[in-house]
Amino acid sequence: MSPTNGLAYTTGASRSNMFRLQVDELLQQIRPRRGKREDAAEKALHALKAALDESTAKPALSIDEAERELLRNKIAIPFPQPRPPDDAKYKLEFAKPANVNVVGSYAMQTISRSRDDLVIDMTVAMPSSLFHEKDYLNYRYFYKRAYYLACLASTLREAATPCNVRFDDFHGDPLKPILVISKSVKSIVSEELKPSPKWRINIIPCTDSVVFPAEKLTSEKNCVRPTHNAKPEPTPFYNSSLRADMLMLSYLRLLHGAETSCAAFKDACLLGSTWLRQRGFGSHIAGGGFGHFEWATFVALLLQGGGPNGKSILSEGYSSYQLFKGTLQVLAVRDLGKQPIVVGSGTFKSVANGSPMLWDSARVHNVLYKVAPWGYARLRQDAKTTIAMLGDQLFDGFDATFVLRTDDALMRFDCVVSVPASALTVVDDGRPAYRTLYDVLSRGLGDRVSQISIRPPESGAWDVDSSRPRDHVQASVIIGLIYDPDTVNRTVDHGPSAESKAEAASFRKFWGEKAEMRRFKDGSILESLVWGASGKTIVEQIVRYLLERHFSDRVEREATFFGGGFNRLLRGSLSVSAFQPIMDSFKQLETDIRGLDGLPLSIRQIMPASAQLRYATIQPSAGVANGRQSIPADVTIQFEGSVRWPDDLVAIQRTKLAFLLKLSELLQEAHDQPKTRIGLENHEQDIFNQAYLDIMYESGTSFRMRVYHDREQTLLERQMRDKSLAPSAKEAAALGLAAYKRLYLKAPPHTQAVARLCSRYPALSGTIRLLKKWFASHLLANHVGEEVIELMAARIFVQPWPWQTPSSVQTGFLRTLHWLARWDWRTDPLIVDLSGSGELRIPDVDAIKTRFEAWRKLDPSLTRIVLFAASNIDKEGTTWSDGRPQKVVARRMTALAKAACAEVEQNGLQVDPASLFSSPVSDFDFVLHLHPSMTGGKRSKDAARYKNLELAALSDQTLVGFEPTQSLLEELESLYGSALLFFSGSSERPVIAGLWSPQTAPRAWKVNLAYSTIPHKKSKTQEVQAVVNREAMLAEIARVGRDLVGRVEINDR
């Protein structure tokens, strides 16, 4: 890739002036700045260097003698495993360091300022005279290195430096312990308990770049000789780990050269390290092995070469953001596991193990030797996601790129598995067999998952007078899985054909008794696997079987799965298949109606306009449930135009009623199964829709059909403009027009769009349902419209940044809550492209934002429009949120979302999903506890005792669509809405809670207030005040509710 090509994909990176300003502001905030912490750390650096310069040589000793000598000074040698044999022929010795240097990001001034500890790397060069020609073999270098490190610890202890000295593994590499120097407790006490600056100094032993031949340490060589005459295998990690010790100063010079030649290099490193940190990456092996050093070296080498004919991939003239995005582009586009990048001249032999390679020919080293295949896959995926996000013209990707953390396991992965680390054996190069675990899971899960991530436990620091702790062995290895939603629930796996003997034998060897030969309908005979219903997900069944077969029974028993608890909160299937009965009934309805003869006009279209018909109700309609009739699904029918339609709104409503009567009559005559019933509505406004037709099938599904006539909109708009009409008539026309648009113009296309998205994204339906359950469980169901909730959930799928599209209900739901907790609805509109294909263009978005700003100027106190929710279908943004929710409700919604996210962050994998759906009712002034038997919960005692009463209720078609809780809520809001704000959880939580309006505060006495009051006088001199008569109003509410209200709970607040 030439510089010209590189410029092609980075041109336009700073297309937005706002984005450039944000990046510049970020760089100003994260650039290193000198303070008390840096002063204290440099003071310690000088003290340490002085002590190390005064160190004295020690004579050569045997392994046993060296250990006993240091134990006298209470220093234990941190030998890596396996320990050196006591009868080893080589000896250990110590000499004064050849040099001491500060290296790393602190020396380069590319370390970003943060609240974390300031980490400074100090290298101590071991003299070449301490090593022999063959010391690179069989851990001998690492044993001598460990002894040298212990001698350094002894030197610092003898020098009585006022610091705490401990051992730790360098970036989690068990072959390379280091000394960690930090502020000691005694120093804090001597400074009168002042807060100690957070800093840490890593003392890292290294050696000269020519102490061992570079060609002996290439990736394909074996440097750990096997026992029992086994075939020697390459030891790439061992070789590269040793080689990295030899190249520390060489890479410091490389980074200094890049800083000198490229003015934007340091800022590009700051941006890169910020991006990595927010995604949980680091140089530590547990963090993926790709951190600040790897990023800086990657950029520096790409500035030198890596392209065709040895040309550089990145240009020295790039800005910091162009360097950042160009590096991400290389990570995203090029698979370094299959196509390594080679910088410089020379050849190399790669090891075909899937690990990425950035080969530095000048230094004969793979910079990415610590990056495992699973870590690299995650790095590439994040790079691809970020590149796609930055290319999204409708999304401001700054926060998602540099501010938001995306490493929370439950939000990132669809399934998380914890297995004991002690069960994983150690391979020849000193690392646990995580690669074996990865290979087994990759082969076993196949295309069911798109990503497998393994996070080993981190080994902490330990005291210099104790041996290496084994605590991390008792810890757990965390496995994260991202599903492929199209294949994750497949119940039968097809293996190789019986004719392929070698492949079939390998298949049976891997799967054991689970593999079986089967003949399929197409005549093929294949090895196969069948996964049945066992109360566990198919993925869990597979993983448990693999752990038991390829590791041990104990691993399978102790394996813990996280993430399935959210699925169990919804009854039945989470996929759209749960809605198949009502979708089939809708198709039957359309067939039945279109097949009728005798209609006055032909049918233009029959449109679904219900959440049931877009896979978005909490519980799918399954006919008669819980002893109650089903809730009908709304449907609209439009007839062909005709001059015989009246040109008067009231007459149109009568004509629509006549059409429905005729339709009902024809259905009854033509078919035996569907039952019909005419219903009336909107009695108080004769220009509103007056009638509907309920159509009920024997399966229990039902539909509520209304007639759509396009002439109504013109007549309503004309009535609004008629200056001769009274204001009340104009207001009625405005309300009628809003209802008309909502019911006939917006609901059908919204239903079709959401249904298409649910078919495209298998996890969307379950996410919407779970999100609606969350709103209902917190008593917000009557305030936030169903369509607004659906837009919130859909946004996470069509604009999933900074993650990829959710593959499970868990990730979809938690990410929606994460966005909801951060959404500032006061200043930001909700804009969703429901087409999922870019139908919403930039001019459309600009027009929506202009309309939003106009509403905020028109209604600055947010009394009418609080949530502005627009889409490519509804660019007005107020269809579903006009008049609701109120500000107090929106604030509670945000507070509950923040509390849920805090709960997830605090408890991590141990979070109880049910806890996110519960909130105390003590926050309300009073609570009406409803009888569960009346709200779809438990059946009443009489119905349970007398079967005939239950059957009568089931056959009573007048109960179709009857929702007692909703009816009571509407009645209470019409009677007491001016004095009370009601909260309902519908059937999810059988309570109605209430808050007294601030308008009911004591005020000067007057008659004809909108609520019941009593006169009150605190003192003889004070005037009589009108105080709300709460007891009487609550008693009246209980009387209105009658048998539906079990008890009234009053909270003292």
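The legends below describe close-up views of a predicted model. Residues are numbered from 1 along each chain as its sequence is written, and side-chain values rest on heavy atoms, with hydrogens and water left out. Because the model is predicted, local features need pLDDT of at least 70 and side-chain atom pairs count only at pLDDT 80 or more, whereas totals for chains, interfaces and linings use all residues.

View 1. The bond from Gln 81 to Pro 82 is cis, with omega near 0°, and Pro 82 sits in the loop between α4 (63-71) and β2 (92-94). Helices (H or I, at least four residues) and strands (E, at least two) are DSSP runs, numbered from the N terminus. A cis peptide bond also joins Arg 884 and Pro 885, with omega about -5°, and Pro 885 belongs to the loop between β25 (869-871) and α28 (887-907). Most peptide bonds are trans.

View 2. Most residues other than glycine have a negative phi. Gln 109, although not a glycine, has a positive phi of about 60°, and it lies in the loop between α5 (104-108) and β4 (118-125). Its relative accessible area is 34%, so Gln 109 is partly exposed; in this scheme buried means under 20% relative accessible area, exposed over 50%, and partly exposed in between (1.4 Å probe, protein chains only). Ser 986 has a positive phi near 55° and is placed in the loop between β27 (980-985) and β28 (989-996), where Ser 986 is partly exposed at 32% relative accessibility.

**View 3. Cysteines without a disulfide partner.** A disulfide is taken as a pair of cysteine sulfur atoms within 2.5 Å, and by this rule the count is zero. The sulfur of Cys 163 is 20 Å from the closest cysteine sulfur, that of Cys 151, which is too far for a bond; Cys 163 is buried, with a relative accessible area of 17%. For Cys 262 the closest cysteine sulfur is in Cys 269, at 9.0 Å, again too far for a bond, and Cys 262 is buried with a relative accessible area of 1%.

**View 4. A patch of positive charge on the surface.** The patch gathers Lys 134, Lys 216, Lys 221, Arg 225 and Lys 349. Patches are made of residues with over 30% relative accessible area and no salt bridge, like charges being joined within 9 Å and nonpolar side chains (Val, Leu, Ile, Met, Phe, Trp, Tyr) within 5 Å. A salt bridge is a side-chain nitrogen of Lys or Arg within 4 Å of a carboxyl oxygen of Asp or Glu. Lys 216 is found in the loop between β7 (199-206) and α8 (236-246), and Lys 216 counts as partly exposed at 36% relative accessibility.

How values were computed
Accessible areas come from the Shrake-Rupley method with a 1.4 Å probe; for residues, only the protein chains shown count as cover. Lys and Arg count as positive and Asp and Glu as negative; His and the chain ends are not counted. The place of a charge is taken as NZ of Lys, CZ of Arg, CG of Asp or CD of Glu.
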